[in-house]
Structure formats: structure tokens, C-alpha cells
Amino acid sequence: FAERIGIRMPRGATGTSADDVRAAVVKIGFPVLIRPSYVLGGRGMEILANDKQLDAYLEEAYLAPDKPLLVDEYLGHAIELDVDAAADGENVLIGAVMEHLEEAGIHSGDSTCFIPTQNISDSMIARVRKQTEDIGLGLGIKGCYNIQFAIQGEDLYCLEVNPRSSRTVPFVAKATGVPMARIAARITIGIPLSSQDIPVPTSGHVAVKAPVFPFIKLQGLDPAPGPEMKSTGEVYGSDLRADVAYLKARLASEVPVATEGGAYLTVRDGDKERLVPIATELAEMGFTIYATPGTADELRTHGVSVQTAYRIADRKHPDALDLMRTGEVSFIVNVPTISGGAVRDGNMMRRLAVEMNIPFVTTMSGAKMEVAAIRARR
């Protein structure tokens, strides 16, 4: 169907044995998104970047002829969009196009969402709306449906289509004033869109949905977000300004927004350059900057004053845990070396941050927005 109407999807395959799965990974190429075919909420889903991680995953995976594993191409550094719409067989009503703050690969239930989109061109939005209509009418959907898209450069991919209401429908209804669930329910009892009194969506403001996590209650759960959903609630913020809307949502969650103190920064090599303006802005606001040796060197070459903190594995002091326990750090940026995967660094640091209620972000887009929120709050 996707090929017929000209919609791109990530390449995918299935496997019912370890050999099948390995062959599928060779064909698609790392990184891959792998998951059981019979679960909800992204349970058991991981992003794997190499053979070592694949072996670790297959050791724990349950494989049977009637329970295949799904293997998909993973789109790295892609922007993810969520669309909630309703179709009646002849017309389509698009409730909203939402932009995720986190890159594609973070479960949509764990992501921070913006209405309207903040970084997407008008021409790309037009393509998204056209594909949403083509899919709704082409599949003969009657009622609500949700689509997740990914944008990588100029390429638009359809990740998945769910012919049902989604968790973002209440958010869309609050943000736009369009009661999507009621409209879709009326379609299912035979009242077409053309016969319904549909309100004009409210506009001119930015609405933000942010997840709330149970990490403080669940000991041992790694707080780094991934394709497996971990949030147990969500909060909402609205304002004329995107940074203030995000700040309101953050203040409604259980984790504070830092306004002073120390910022501990450690990111993968590919993100060090993008970290410079974030560190510069934090320094300008009076934060003391701490960073691991590699990140610290990069920041110093760009004129940022920074204090070196050691990696936990170096067994030297002070490391991140020392700084957190002595109250010298009030904000952490920790972008894991490998997005997801069976091997993950920084778990101890993220766990302690949760226990001490220190805000931390694990994505570059999250760091940028958090710094905007800190400035807005000050």
C-alpha cells in the first residue's frame, strides 16, 4: 500500500529464530530497532548498534514460530512527528501535527510534544498533511487514527499507522479546542464529517505535553528514555512563547527547573560542537560548568570556562557522583554514547540524579529547550 501511493517507510524484516534475526540485521544494516511482535508500549524494544548488543539481546529474547521478532531500519538523528486525525471514508479531519522534542527512537509516550511544530518547514507540513489524508482514505479508516512520521533531512518516512485513538488525542483536544474523540465517535455511528459542527481550532499559542516518570518509585530503572515506554503520566503547558510553554509544563512535573549552581555536561563526540552554545549560555547565566575531559577540552577551545570532572569509571575524584552528593551540580546534560542498546553508560549517574531530584536531559534537543526554560524562568 505504501509503495502504491508513494510513501516511504523504513526497511523491515521479521525473524522466528536467532539466525533469521541475524540475517535480517545483515540485510538492513546497523543500527536497527528490534522488538517482539506481540507487545504494547514498546515493551522489549531496543535500538542496537553492533553485534555485541545483538548477541546480548538475542540471549534474553523469546523466539518461537508464532512469536517472531520485528527488525527495522533505525533512522538516526531524525525529527519525529505525531499526527492525530479522523476519517469518514470521504473526508479527513487533521486534529494536529505535533513535533517531538526528542529525536525519533524515543517512545512517543515518553516524548515532549509541541503544537504547533517549531522546526518544520511549511512545505514539509504540507507533505505530512497530504500523506495523512492519502493514508486515511486509502486504508478506508472510519474514526480516529494516529500516524508517526520521521523527517531525516528532506526525506519523510511513515513509521507507523494506528487505526485507533491515541494517547495524544486529549492533548490535541485541549490545545486546539477540537473534540477529536467525540467527532470520531460520531463518524463510527454513521454521522459523516460534512454533517458535523466542527469548531475552528484555536491558534496563536504554543501547547506543550511533557511526560512524568515514576523513576523515584521504581528503584533500578534506568531513566534514559528509549523506545520502551517508561512514563506513567503527563503534564501540559500553554503560552504565547514556546520557551514559557515548555517551562510551564516542566514546572508541573515533579522535577525542578534549575536557576543557579553547577551544570555537569558530558556528550558523545558527534554532539560536542552542538554543546558549545548551550554551555556558553549556561556560563553567561552564572552557572559553573563541569565536564568530562574530552567535552571540557572542546569547550575550552571555544572560550568557555570549565572545570574538569572525571568519568565514574576513572575512579578519580571529583567525578559526577561526588559533585551531585556535595550539592555542586543542579543540572545535568548526559547524552549516552549509544542511543538505547543493551550496553549503556551513565546509569549510575542518572539514577543518583533521580534520587536527589536533580534535573537531567539525555538529548541535545532537550538540553537546548531546558536552557531556554532556565532563561525564561530567571
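Visitor: Which residues make the nonpolar surface patch?
Guide: One caution first: this is a predicted model. The patch is made by Phe1, Ile5 and Leu139. Its area is about 230 Å².

Visitor: Why is isoleucine 5 called partly exposed?
Guide: Its relative accessible area is 30%. Buried means under 20%, and exposed means over 50%. The value for isoleucine 5 falls in between, so the residue is partly exposed. Isoleucine 5 lies in the segment before strand E1, residues 12-15.

Visitor: Which residues of helix H1 are buried?
Guide: Helix H1 spans residues 18-28, and its buried residues are Val21, Ala24, Val25 and Ile28.

Visitor: What puts them on the same side of H1?
Guide: Look at the arc around the axis. They cover only 100° of it, so they sit on the same side of H1. On the other side, Asp19, Val26 and Lys27 are exposed.

Visitor: What covers the buried residues of H1?
Guide: The cover includes E1, strand E2 (32-36), helix H2 (51-60) and strand E4 (69-73).

Visitor: What follows H1?
Guide: Glycine 29 does, and its phi is positive, near 90°.

Visitor: Now the aromatic rings. How many aromatic pairs are there?
Guide: The count comes to two.

Visitor: Why is the pair of phenylalanine 114 and tyrosine 246 called stacked?
Guide: Their ring centres are 6.5 Å apart, and the rule asks for centres within 6.5 Å. Their planes are at 10°. Stacked means under 30 degrees, so this pair is stacked.

Visitor: What parts does the pair tie together?
Guide: Phenylalanine 114 lies in strand E7 (residues 113-115), and tyrosine 246 lies in helix H6 (residues 242-252). The pair therefore ties together parts that are 132 residues apart in sequence. Both phenylalanine 114 and tyrosine 246 are buried.

Visitor: What makes the pair of phenylalanine 171 and tyrosine 236 edge-to-face?
Guide: Again, check distance and angle. The centres are 5.8 Å apart, and the planes are at 75°.

Visitor: Are phenylalanine 171 and tyrosine 236 buried or partly exposed?
Guide: Phenylalanine 171 has 3% relative accessibility. That is under 20%, so phenylalanine 171 counts as buried.

Conventions. Residues are numbered from 1 along each chain as its sequence is written. This is a predicted model: local features need pLDDT of at least 70, side-chain atom pairs count only at pLDDT 80 or more; totals for chains, interfaces and linings use all residues. Side-chain values use heavy atoms; hydrogens and water are left out. Patches are made of residues with over 30% relative accessible area and no salt bridge: like charges are joined within 9 Å, nonpolar side chains (Val, Leu, Ile, Met, Phe, Trp, Tyr) within 5 Å. Accessible areas come from the Shrake-Rupley method with a 1.4 Å probe; for residues, only the protein chains shown count as cover. A salt bridge is a side-chain nitrogen of Lys or Arg within 4 Å of a carboxyl oxygen of Asp or Glu. Helices (H or I, at least four residues) and strands (E, at least two) are DSSP runs, numbered from the N terminus. Buried means under 20% relative accessible area, exposed over 50%, partly exposed in between (1.4 Å probe, protein chains only). The arc is that of the directions from the helix axis to the C-beta atoms. Contact means heavy atoms within 4.5 Å. Rings of Phe, Tyr and Trp (its six-membered ring) pair if their centres lie within 6.5 Å; planes under 30 degrees apart count as stacked, over 60 as edge-to-face and the rest as tilted.
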